[in-house]
Amino acid sequence: VPPGGEARPGAKAPRARRELSEEELELADQMVLTQDRAAIVLNKPPGLATQGGSGTKQHVDGLLDAYASDGPRPRLVHRLDKDTSGVLLIARTPGSAAYFSKRFSGRSAKKIYWALVIGVPSIEDGMIELPLAKQPGTGGEKMHVDEENGQSARTRYRVIDRAGNRAAWVELHPLTGRTHQLRVHMAAIGHPIVGDGKYGGQDAFLSGSISRKMHLHARRLIIEHPDGAPLDVTAPLPEHFANSMESLGFDEDDGAELAPSAPELTKADEKRAAKQHSKQMRKERRGERRSRGGEAVPARGGAKGKSGGKNFGDKPFGRSAAPKKSGPKKGKGSPVPAAKSRNGGGAPKGGGVSGPRPSAPRGKR
């Protein structure tokens, strides 16, 4: 500590805290689900960005001064897309930020998402393994499946309930953290998330009373806590999502039971994931240092990947995996491209979807 508490020569002065309006303070207070000495857990509403950027004036990062009081300014340790709602963990101190960041980068944090998707996957419980990369010509704002140059991406999913052939309610577990991973993976297997026009186009919207907003919600987060006991937080659904669930005849209680854990990542997988996460955080911090007026500018595009690869197109997908628990369903599922088992040969390079073979007729590719 410098004598007299003086700042180190050449060191930058702490960023001045921004005065928040009454509306901003009220929004910050409404988002809090729980908080303690190490963490603040928010229920981020859809339409609110996690960080600022070009043309984005209101965002979660800009509201963090509301939780600072006389202590250090809280820090983001992970992110949600602007139109994705749900659980967002904020570290209250630099020490807890390092602790939680390590859990996210090591993939020990369990993130459970709920989504409504178009149609019904014929493989009801499976693993999607399709590598992702930035789509050329989009400035990193859009991702696509790139089996040659993409970075590995794994998503576990299961169908909780279905509304005939029209739509399904799915539980999603991202086992890697690529940009827009859940959205790209579900669109790639032919079942885009309802309201996700970016990856599903016009086919991603349902007629009638179903909202055109995106139906992707970070429902639950289970993560180790510095105090020892796990932190387990569930976020209520936003209004548009809850209304759509009711319109389609879905009961939230049916999603209370978690699916069995997916196979763990290998040590090599965890090491690569931790290295990529650290690289991305450094990139975002550089963006914050270059920001003007005290507002952080996010690093675009998330995880780095090579562009120029081929699109998913009509590639087959499939591997065998643990079957889903049996239970009553409403109607029959719509056919999707035929799944090929790894045991039978013919799975594409880079992976695909795992799950039991569908009993429904297979559609022509």
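In S11, Ala115 has Leu216 as its bridge partner. This is a predicted model, where local features need pLDDT of at least 70, side-chain atom pairs count only at pLDDT 80 or more, and totals for chains, interfaces and linings use all residues. Residues are numbered from 1 along each chain as its sequence is written, and side-chain values use heavy atoms, leaving out hydrogens and water.

**View 1. Strand S11 and its partners.** Strands (E, at least two residues) and helices (H or I, at least four) are DSSP runs numbered from the N terminus, and two strands pair if DSSP finds at least two bridges between them. Strand S5 (residues 110-118) runs antiparallel to S11, joined by six bridges.

**View 2. How enclosed is S11?** Seven of the eight residues of S11 (residues 216-223) are buried, so this strand is largely enclosed by the rest of the structure. Buried means under 20% relative accessible area, exposed over 50%, and partly exposed in between (1.4 Å probe, protein chains only).

**View 3. The largest nonpolar core.** A nonpolar core is a set of buried Ala, Val, Leu, Ile, Met, Phe, Trp, Tyr and Cys residues joined through side-chain atoms within 4.5 Å. Among the 39 residues of the largest one, Val60, Ile90, Leu172 and Leu216 touch the most other members. Helix H4 (residues 181-188) gives the most to this core, with four residues.
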